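Trainee: Could we go through this model together, one question at a time?
Mentor: Gladly, have a look at it here.

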Amino acid sequence: ALGSNIFDFGVGLPLPWILFYIVRQEASIPIQTNTLYVSVATLVFLLGALVLLIKLWGWELKRSMAPPLFILYVLFIVESLLLDNNKDQFPQLVARRG
């Protein structure tokens, strides 16, 4: 689980951006979302929760960790869907325009 996430963050996310830059030669790539700050904060929280769970289980990945990790994943998906579908109803959470 951890190895695939490291690969996703190290290769899977930057590779399309790098290819886009090489093809288009643009200095910046616009991201059209109002919920980016909330989603990033949630992912940082989930990373902390993952480390805490691994610590509580004696620094070993065990099958008994699956239910709490699955619940955290489902909560992240629900939050993302709610924020994306109801962004007009929650402007104080999602609107951070500078």
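Trainee: Is Asn 34 buried, exposed or partly exposed?
Mentor: This is a predicted model, where local features need pLDDT of at least 70, side-chain atom pairs count only at pLDDT 80 or more, and totals for chains, interfaces and linings use all residues. Residues are numbered from 1 along each chain as its sequence is written, and side-chain values use heavy atoms, leaving out hydrogens and water. Buried means under 20% relative accessible area, exposed over 50%, and partly exposed in between, with a 1.4 Å probe and protein chains only. Asn 34 has a relative accessible area of 27%, so this residue is partly exposed.

Trainee: Where is Asn 34 placed?
Mentor: Helices are DSSP runs of H or I with at least four residues, strands are runs of E with at least two, and both are numbered from the N terminus. The C-alpha atom of Asn 34 is separated by 8.3 Å from that of Asp 84, 50 residues apart along the chain. As for its place, Asn 34 is in the loop between helix H2 (14-24) and H3.

Trainee: How many helices and strands does the protein chain have?
Mentor: Along the sequence, the pattern reads α-α-α-α-α. The count for the protein chain is 0 strands and 5 helices.

Trainee: Why do the buried residues of H3 line one face of the helix?
Mentor: The buried residues of H3 are Val 38, Ser 39, Thr 42, Leu 46, Ala 49, Leu 50, Leu 53 and Ile 54. The arc is taken from the directions from the helix axis to the C-beta atoms. Seen down the axis of H3, the buried residues line one face because they fall within an arc of 140 degrees.

Trainee: Which residues are exposed on the other side of H3?
Mentor: H3 has 21 residues and takes in positions 36-56. The exposed ones on its other side are Val 44, Phe 45 and Leu 47.

Trainee: How much space lies in the largest pocket?
Mentor: On a 1 Å grid over the protein atoms alone, a pocket is an open set of points where a 1.4 Å probe fits, with protein on both sides within 12 Å along at least five of seven lines; lining residues have an atom within 4 Å of a point. Grid points are joined across faces, edges and corners, and the volume is the space filled by probe spheres set on the points. For the largest pocket, that space is about 810 Å³.

Trainee: Which of its lining residues are the closest to the centre of the largest pocket?
Mentor: The lining has 21 residues. The closest to the centre are Asn 5, Leu 43, Leu 46, Leu 47 and Leu 50.

Notes. Expected span 1.5 Å × (residues − 1).
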